[in-house]
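Hi everyone, thanks for making time.

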Amino acid sequence: MNSPAEKVSLACAVLTVSNTRTAGDDTSGNLLAESLAQAGHECVRRDIVKSNRYEIRRVLSDWIADPDVQVIITSGGTGFAHDHGVPEAVRPLFDREISGFEALFRQVSYAEIGSSAIQSGALAGMANQTLIFCLPGSNNACQAAWTHILREQLDSTHQPCNFATLFRKPLSA
């Protein structure tokens, strides 16, 4: 484990799940990649995939097996619409679910969008020592998740605890 004062840079991947977005208009993916960079992390993988559970699993499985990826953040496909299936695609990949993430994200969402937060299927877990956070696709939801949860939990200096200290890749000077 790292000492609390040691800043850790994490190797991250961002996956956008959308049937319509392209690299040219992936605003939520851009927001997440830029937020990671501003926090001192590196976005080492980035992709967009259609909302197909097997395509989602294929990309995530490759990244989970890649020792150079420590954190994966997905954007999109978590809602209650018939073509949204990220929770069903991702949950079987988890070795361990971070159940508190879903509850905390829903609390943050409720403060912003009221009872519509009940339709969020945001979730998080760990697979093969890789943290995975699945967020809704709206910019507001991604920003809220980053601002109120992920920024602190991926910051090795955040006390009393954080997820970043699970990894040993120090931020280069």
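Let me start in a loop. Gln129 sits in the loop between β5 and β6; strands here are DSSP E runs of at least two residues and helices are H or I runs of at least four, numbered from the N terminus. Quick housekeeping: this is a predicted model, where local features need pLDDT of at least 70, side-chain atom pairs count only at pLDDT 80 or more, and totals for chains, interfaces and linings use all residues. Residues are numbered from 1 along each chain as its sequence is written, and side-chain values use heavy atoms, with hydrogens and water left out.

Back to Gln129: its phi is positive, about 65°, although it is not a glycine. Asn128 is in the loop between β5 and β6 too, and its phi is positive as well, near 50°. Most residues other than glycine have a negative phi. Is Gln129 buried or exposed? With 59% relative accessibility, Gln129 counts as exposed, while Asn128, at 45%, counts as partly exposed. The cut-offs are under 20% relative accessible area for buried, over 50% for exposed, and partly exposed in between, using a 1.4 Å probe and protein chains only.

Now the sheet. It's open, with six strands in the order β2-β1-β3-β6-β5-β4 and mixed pairing; a pair of strands needs at least two DSSP bridges between them. β2 (42–49) and β4 (96–97) are at the edges with a single partner strand each, so one side of each has no neighbour in the sheet. Helix α1 (residues 27–38) packs on the sheet and touches β1 (11–17), β2, β3 and β6, where contact means heavy atoms within 4.5 Å.

β3 (residues 71–75) and β6 (residues 130–135) pair in the parallel sense over five bridges, with Thr74 opposite Cys134 in β6.

On to the aromatics. How many aromatic pairs does a search of the whole structure find? Three. Phe101 and Phe105 make a stacked one, 6.2 Å centre to centre with 20° between the planes. For the rule, rings of Phe, Tyr and Trp (its six-membered ring) pair if their centres lie within 6.5 Å; planes under 30 degrees apart are stacked, over 60 edge-to-face, and the rest tilted. Phe101 and Phe105 both lie in helix α4 (residues 99–113), four residues apart, about one turn of the helix, and both are buried. Together with Phe133 and Phe163, they form one aromatic cluster.

One last stop: Gln159 and Pro160 are joined by a cis peptide bond, omega about 15°. Pro160 is in the segment after α5 (139–153).

Conventions
Axes are lines fitted to C-alpha atoms, for helices over the stretch in contact, and angles run from 0 to 180 degrees between N-to-C directions.
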